[in-house]
Amino acid sequence: MFAKLALLSCLIVAAAAADCGKQAISPSNLKIVGGVEARPGSWPWQVNFRQKYALTSGSYQFCGGSLINDKWVVTAGHCIGTKKPKVENYEVVLGAHERDAIDSNQKSYGVSNVFLHENYNDRTLDNDIALLKLDSTVQFTKYISPVCLPDKDLQSYKAECVVTGWGDTETSSEIKTLQQVSVPIIDTATCNQLLWYGGDITDNMFCAGFADGGMDSCQGDSGGPFVCLDSDGAYDLAGVVSWGYGCADARKPGVYTKVANYISWINDVITNNN
Ligand code: 4AZ
C-alpha cells in the first residue's frame, strides 16, 4: 500500500451473500488522508497469499486475495502467471494482520486447485483474475469472513472504496502490518486520456486514485481486495488490485480488475469444481 501522502450456483451465491461483506470489527476512519495501518481484523476477507521458499522452510507474501466463501479465494491472474502453477508451493493465510508474524487469530490453508481466467492476457493484463480453491473448509471467525461479490455497476457505489494490502509503501518497504487507503473510482474516459493510460484501460478494468497521485496500491498488493460499501451496509469486492505505472504518480492511478464482469465466470468455476 503506497501512502505518499446457473440455479445451483445462484443458490450457492445467495447462501454466501447473506453473510458476506460485514465485519465483526469495524474499520478505522476511512476519511484519513493517506494510507494507514488497518485496525486488526477489520478486513476479514483479506488473504495473505504466500509462496514457499524453494530451498529453505518458510514462505513469503507475494500477493493478496479475497475470501468469497468458505472454500474459494479471488486473486489476480498475474499472481498465478501463465506457467502451470505448483499448487503445493502456495499457502493462503487468513485472519492475518502482521505480514509475516503468526498470531492466534490466523489460520493457514493449502491450495488444492487454481483457475486462471482462460482469456487472461499477460501482456495487456486483460482478464487479470484467478480463483484459488482451498484444501479445506474455512471456519469463519471474528477475524475471518467473506466479502460479497458485486451486484451493481461501479457508478452506483456512493461511499468511498478502500484497498488493503501488505504491498510497498513510500515511507518504508518495511511496514509489515496490513494497510488501508481510500481511493475514488476514476471514469475510464478520463483514465484513458493520452497523458494518463492512453487507451490501455479495457472494459474489464477500472482506475482508482487521484489525478495528482499520492495515494495508491503498489507492488505486493496485487490480487488483493478493492471493496466498496454497498447501500445495504455490506462491502462488495468491486475490484482486484491489478497493475499501474509506478505507484501514486500523477495521472497514473491504480488499475483494478472489474469483478462485476466475472460473476458468471466465478459462479461457473465454483459450480463445476466444488
Ligand atoms: C504491482 O506491481 C502493482 N499502483 C500493483 C499495483 C499498482 C502498481 C503495481 C498500482 O503489483
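Modeller: Gladly! A polar contact is a pair of N or O atoms within 3.5 Å. Keep in mind that this is a predicted model.

Biologist: Which side chain has an N or O atom 2.5 Å from a ligand oxygen atom?

Modeller: That is the side chain of Ser-222. For Gly-246, a backbone N or O atom lies 3.2 Å from a ligand nitrogen. The protein buries 85% of the 310 Å² that the ligand exposes when taken alone.

Biologist: Why are 7 residues of the shell around the ligand called polar?

Modeller: Gly counts as polar, so Gly-220, Gly-244, Gly-246 and Gly-254 are among them. The shell also has 4 nonpolar residues and 1 charged.

Biologist: Why is the pair of Phe-62 and Tyr-90 called stacked?

Modeller: Their planes are 10° apart, which is under 30 degrees, and the centres, at 6.1 Å, lie within 6.5 Å; therefore the pair is stacked. Phe-62 is in strand E4 and Tyr-90 in strand E6, so this pair ties together parts 28 residues apart in sequence.

Notes. Residues numbered from 1 in each chain as written. Predicted model: local features only at pLDDT ≥ 70, side-chain atom pairs only at ≥ 80, totals over all residues. Heavy atoms only, no water. Near = heavy atom within 4 Å. Polar contact = N/O pair within 3.5 Å; in protein donor to acceptor, adjacent residues only side chain to side chain. Areas by Shrake-Rupley, 256 points an atom, 1.4 Å probe, with all protein chains shown as cover. Phe/Tyr/Trp six-rings, centres within 6.5 Å; stacked < 30°, edge-to-face > 60°. Helix = DSSP H or I, 4+ residues; strand = E, 2+ residues; numbered from the N terminus.
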